[in-house]
Amino acid sequence: MENKRKIEKARQHLLNEILACTKCRPCIEKEILWYNPHTDLDDLLFDFEMKEQEWKTILYGLKCPNCYEPFETQYDLVEIKSDYDHSVEETFTKLKNKNIVKKLYDFNKFISEYPYLGLSSSSIIGTNLFNSIKKGKIYTIDSDIWYRARKFNNESKLFSSDEMWAPDPQEVFIRISLKVLVF
Ligand SMILES: [Zn+2]
């Protein structure tokens, strides 16, 4: 006899932890490029001590919350939330004002996608952060190393180090020098 409550709790735990699966993360030379920690479904439900029949029940209709592809076995690999993700969620849970929580989520999404453009987000959070930081002590960085990065997805190719240099100014129409605040 299956314990329906246990199954539902386990399903919710999976959906709360999983961020992506092997079908929605890029693959380079047969290696999945995970953005966060990864494990398999079985490991995620280790404490639930799932029986074989319970696994069959829980896998029925269970889909990746990111790409909606169905999972096939309890050993399917999945990307999961990091400790940082959990601490952010915990902080948000403590906040009573849902309007602020929504603004923080939106700003977090924006800054994750456009890390250099915090001041241009529609939220006032970027401006408030900038104004707060301005009041702090100013440090000058004399020597530093900057890295170029590209968002990687299934359509991207893997660039060599030679291809990651700054573009040729003769071939680029607009070069803008920006003084930016990096969050
Ligand atoms: Zn997926």
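Begin by selecting asparagine 16, which has its place in helix 1, where helices (H or I, at least four residues) and strands (E, at least two) are DSSP runs numbered from the N terminus. The model is a predicted one, in which local features need pLDDT of at least 70 and side-chain atom pairs count only at pLDDT 80 or more, whereas totals for chains, interfaces and linings use all residues. Residues are numbered from 1 along each chain as its sequence is written.

Asparagine 16 counts as partly exposed because it has 13 C-beta neighbours inside 10 Å; a residue is buried if 20 or more other C-beta atoms lie within 10 Å of its own, exposed if 12 or fewer, and partly exposed in between, with C-beta atoms placed from the backbone.

Next, display the open sheet of three strands, whose order is 1-5-4 with antiparallel pairing. Strand 1 and strand 4 stand at the edges, each with a single partner strand, so one side of each is left without a neighbour in the sheet. Neighbouring strands of this sheet are turned by 40° against each other on average, direction ignored, the axes being lines fitted to C-alpha atoms and the angles running from 0 to 180 degrees between N-to-C directions.

Now follow the pairings strand by strand, where two strands pair if DSSP finds at least two bridges between them. Strand 1 pairs with strand 5 (residues 77-80) in the antiparallel sense over three bridges; isoleucine 18 has isoleucine 80 as its bridge partner in strand 5, and cysteine 21 has valine 78.

Finally, select Ala10, Leu14, Ile18, Leu19, Ala20, Cys21, Leu41, Leu45, Ile58, Cys64, Phe71 and Val78, the 12 residues of the largest nonpolar core, a core being a set of buried Ala, Val, Leu, Ile, Met, Phe, Trp, Tyr and Cys residues joined through C-beta atoms within 7 Å. Helix 1 (4-17) and strand 1 (18-21) each supply at least two residues of this core, and strand 1 gives the most, with four residues. Centre the view on leucine 45, which touches Ala10, His13, Leu14 and Met50, not counting residues up to four places away in sequence; contact here requires C-beta atoms, placed from the backbone, to lie within 7 Å.

Note on methods:
Two residues are in contact if their C-beta atoms, placed from the backbone, lie within 7 Å.
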